[in-house]
Amino acid sequence: MLLKDGYFVKTTKFKNPEYVGDPLNIVKIFNDKEADEITIFDIGASMLEDNINYKLIENIASNARMPLCYGGGITNINQVEKLFSLGIEKISISRSFIKSPNFLNLISKKFGSQSVAVTIDLDKDKNNNYIIDNYVSQKESECINFIKEISSHKVGEIIINCKHKDGTKEGYDIKLIDLIYPITN
């Protein structure tokens with residue numbers, strides 16, 4: 001679920017966020033459907049790099065009957081500790097890993113590798129090659145090497161968001177799955 005300005009939204013190719021609903025109401029629906037887990041990406045906090053709405057996260061966690069993963073604006077271990085104290089069971093980092101891969105190791109050492117995920121936003125360039133969206137790396141080989149590097153760290157999960165598929169209702173990028181699965185397994 002994408003969180004922006006206190007509401008869940010949906011996007012198309014990471015643009016034009018549209019209101020989906022109140023987070024607490026949506027969590028109740030997921031409770032009724034017996035969802036296994038909810039991953040929340042606060043895209044507003046991600047852009048601001050440290051504007052985590054702890055009160056809202058606490059309310060969501062206290063109403064959820066399933067594990068929660070949270071990502072967005074996480075830049076230091078104090079934020080991680082606070083999120084876990086509010087009931088989040090797993091955190092996801094992205095830009096913080098790019099800036100300092102050791103941050104992932106610090107979190108894993110303190111809380112266990114099962115409590116941390118790394119999220120990568122992938123897209124396709126004009127030649128249909130995979131690239132890491134909004135990062136320095138713009139070659140498919142660098143993208144694959146970056147995923148290999150993440151796999152070499154103590155990380156519980158790697159979450160791949162495909163910008164070129166986001167909100168399009170075209171399904172998963174099977175070619176990408178076939179490309180990544182052998183290097184992460």
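**Basis**

The model is predicted, so local features need pLDDT of at least 70 and side-chain atom pairs count only at pLDDT 80 or more, while totals for chains, interfaces and linings use all residues. Residues are numbered from 1 along each chain as its sequence is written, and side-chain values use heavy atoms, with hydrogens and water left out.

**Overall form**

The chain has eight helices and nine strands; these are DSSP runs numbered from the N terminus, with helices (H or I) of at least four residues and strands (E) of at least two. Along the principal axes, the C-alpha atoms fill a box of roughly 45 × 40 × 30 Å. The radius of gyration is 16 Å, which agrees with the value near 16 Å for a compact globule of 185 residues. That radius is taken over C-alpha atoms, and the globule rule is 2.2 Å times the number of residues to the power 0.38.

Of the 185 residues, 42% count as buried. Buried means under 20% relative accessible area, exposed over 50%, and partly exposed in between, with a 1.4 Å probe and protein chains only. The accessible surface comes to about 10,300 Å², and 49% of it belongs to carbon and sulfur atoms. These areas come from the Shrake-Rupley method with a 1.4 Å probe; for residues, only the protein chains shown count as cover. Among contacts (heavy atoms within 4.5 Å) between residues at least 6 apart in sequence, 63% join residues at least 24 apart.

Helix H3 spans residues 54-63, and its residues Leu56, Ile57, Ile60 and Ala61 are buried. Seen down the axis of H3, the buried residues fall within an arc of 135°, so they line one face of the helix. The arc is that of the directions from the helix axis to the C-beta atoms. Lys55 and Ser62 are exposed on the face turned away from the buried side of H3. The buried residues of H3 pack against strands S1 (2-4), S2 (7-12), S4 (38-42) and S5 (68-71), and against helices H1 (23-32) and H4 (77-85).

In H4, the buried residues are Ile77, Gln79, Val80, Leu83 and Phe84. They cover an arc of only 155° around the axis, which puts them on the same side of H4. Asn78 and Ser85 are exposed on the other side of H4. The cover over the buried residues of H4 includes H3, S5, strand S6 (90-93) and helix H6 (101-111).

**Nonpolar core**

The largest nonpolar core has 42 residues, of which Tyr70, Ile74, Ile91 and Ile93 touch the most other members. Such a core is a set of buried Ala, Val, Leu, Ile, Met, Phe, Trp, Tyr and Cys residues joined through side-chain atoms within 4.5 Å. Leaving aside neighbours within four places in sequence, the contacts of isoleucine 74 include Gln79, Val80 and Leu83, as well as Ile52, Ile91, Ile93 and Phe103.

**Cysteines**

The structure holds zero disulfides, a disulfide being a pair of cysteine sulfur atoms within 2.5 Å. Cysteine 143 is in no disulfide, and the nearest cysteine sulfur, that of cysteine 162, is 9.6 Å away. From the side of cysteine 162, the closest cysteine sulfur is that of cysteine 143, too far for a bond. Cysteine 143 is buried, with a relative accessible area of 0%, and cysteine 162 counts as buried at 17%.

**Loop residues**

| Residue | Relative accessibility | Class |
|---|---|---|
| Phenylalanine 14 | 31% | partly exposed |
| Lysine 169 | 83% | exposed |
| Aspartate 125 | 24% | partly exposed |

Phenylalanine 14 lies in the loop between S2 and strand S3 (15-21), and its phi is near 70°, a positive value in a residue other than glycine. Lysine 169 is in the loop between S9 and H8; its phi, near 60°, is also positive in a residue other than glycine.

Lysine 165 is placed in the loop between strand S9 (157-162) and helix H8 (174-184). Apart from neighbours within four places in sequence, lysine 165 is in contact with Glu170, Gly171, Tyr172 and Asp173.

Aspartate 125 is in the loop between strand S7 (116-124) and strand S8 (130-132). Aspartate 125 and isoleucine 40 are 85 residues apart in sequence, with 27 Å between their C-alpha atoms.
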